[in-house]
Each structure stands twice: as structure tokens, then as C-alpha cells.
Amino acid sequence: MTPRHLVLDGVSVVLGESRILDSLSLTVAEREFLGIIGVSGGGKTTLLRTIAGLLPTAAGSVTLGGVPVLGPSPRTAMVFQ
């Protein structure tokens, strides 16, 4: 069994009055490579900011290495375009 490194479970993110992510679930194993593609305004940056702990979830949970992501951490970094 491959260890789970990043787990999003039913994640929803609301910005203002807009629901940007709705019940998103995703599991990424350690050393697995994942690309995120989509249309402009599709929620890619919101997803990355949520994983980095820069945006709170309205529902669901994010765990990284088995530890809940509740805010920014020195363990993670995000390079903005």
C-alpha cells in the first residue's frame, strides 16, 4: 500500500459569496507527481492556496503527511507566478 502524503477530503472553499471549490476529494501519494490544469478562474490557485494553508476551508479537511493543515507552515512553500 502506498503511503498517503496529501489528502483532501470533501474540501469546500468559499470566497465572498462564491463557492470556489465544492466537496473536492483527492489523495496524492508520497513521490507522486500531479499536474493541475484548467480554465482561467477554475480554482487552481485557490486549491494551491488551500493546500498551503493560506486559505481556510469552509468544509472538509486537508492533511499533509498525516498532519492537518490549519494554516501556513514552515514545512510548505508556494511560489506565485
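Is T46 buried or exposed? T46 is buried, with a relative accessible area of 12%; buried means under 20% relative accessible area, exposed over 50% and partly exposed in between, with a 1.4 Å probe and protein chains only. The model is predicted: local features need pLDDT of at least 70, side-chain atom pairs count only at pLDDT 80 or more, and totals for chains, interfaces and linings use all residues. Residues are numbered from 1 along each chain as its sequence is written, and side-chain values use heavy atoms, with hydrogens and water left out.

**The chain as a whole**

Helices (H or I, at least four residues) and strands (E, at least two) are DSSP runs, numbered from the N terminus.

For 81 residues, a compact globule would have a radius of gyration near 12 Å, and the value of 12 Å for the chain agrees with this. The radius is taken over C-alpha atoms, and the globule rule is 2.2 Å times the number of residues to the power 0.38. Along the principal axes, the C-alpha atoms fill a box of roughly 40 × 25 × 25 Å.

Of the 81 residues, 22% count as buried. The chain exposes about 5,900 Å², and carbon and sulfur atoms supply 56% of that area; accessible areas come from the Shrake-Rupley method with a 1.4 Å probe, and for residues only the protein chains shown count as cover. Among contacts between residues at least 6 apart in sequence, 48% join residues at least 24 apart, where contact means heavy atoms within 4.5 Å.

The chain has 6 positive and 5 negative charges, and their mean positions are 6 Å apart. Lys and Arg count as positive and Asp and Glu as negative, while His and the chain ends are not counted. The place of a charge is NZ of Lys, CZ of Arg, CG of Asp or CD of Glu.

**The sheet**

Four strands form an open sheet in the order β2-β1-β3-β4, with antiparallel pairing. The edge strands, each pairing on one side only, are β2 (18-29) and β4 (67-68). Two strands pair if DSSP finds at least two bridges between them.

Strand β1 (residues 4-15) pairs with β2 over eight bridges, and with strand β3 (residues 59-64) over five bridges. On the β3 side, S12 of the chain stands opposite A59. The table gives bridge partners on the β2 side.

| Residue | Bridge partner in β2 |
|---|---|
| V7 | T27 |
| V11 | L24 |
| L15 | S18 |

The strands β1 and β2 form a hairpin with two residues between them. In its turn, G16 has a positive phi of about 65°.

Most residues other than glycine have a negative phi. Two residues of this chain can be set beside that rule. S23, in strand β2, has a positive phi of about 55° although it is not a glycine. R31 has a positive phi of about 70° and is not a glycine either. R31 lies in the loop between β2 and α1 (44-51) and is exposed, with a relative accessible area of 83%.

What surrounds T46, leaving aside its neighbours within four places in sequence? T46 lies in helix α1, and the residues in contact with T46 beyond those neighbours are V13, L15, I20, L21 and L55. L15 is also the residue whose bridge partner in β2 is S18.

L6 belongs to strand β1 and counts as buried, at 11% relative accessibility. Apart from neighbours within four places in sequence, L6 is in contact with L26, T27, V28, I51, V62, T63 and L64. One of these, T27, is the bridge partner of V7. L6 and I51 are 45 residues apart along the chain, and their C-alpha atoms are separated by 8.6 Å.
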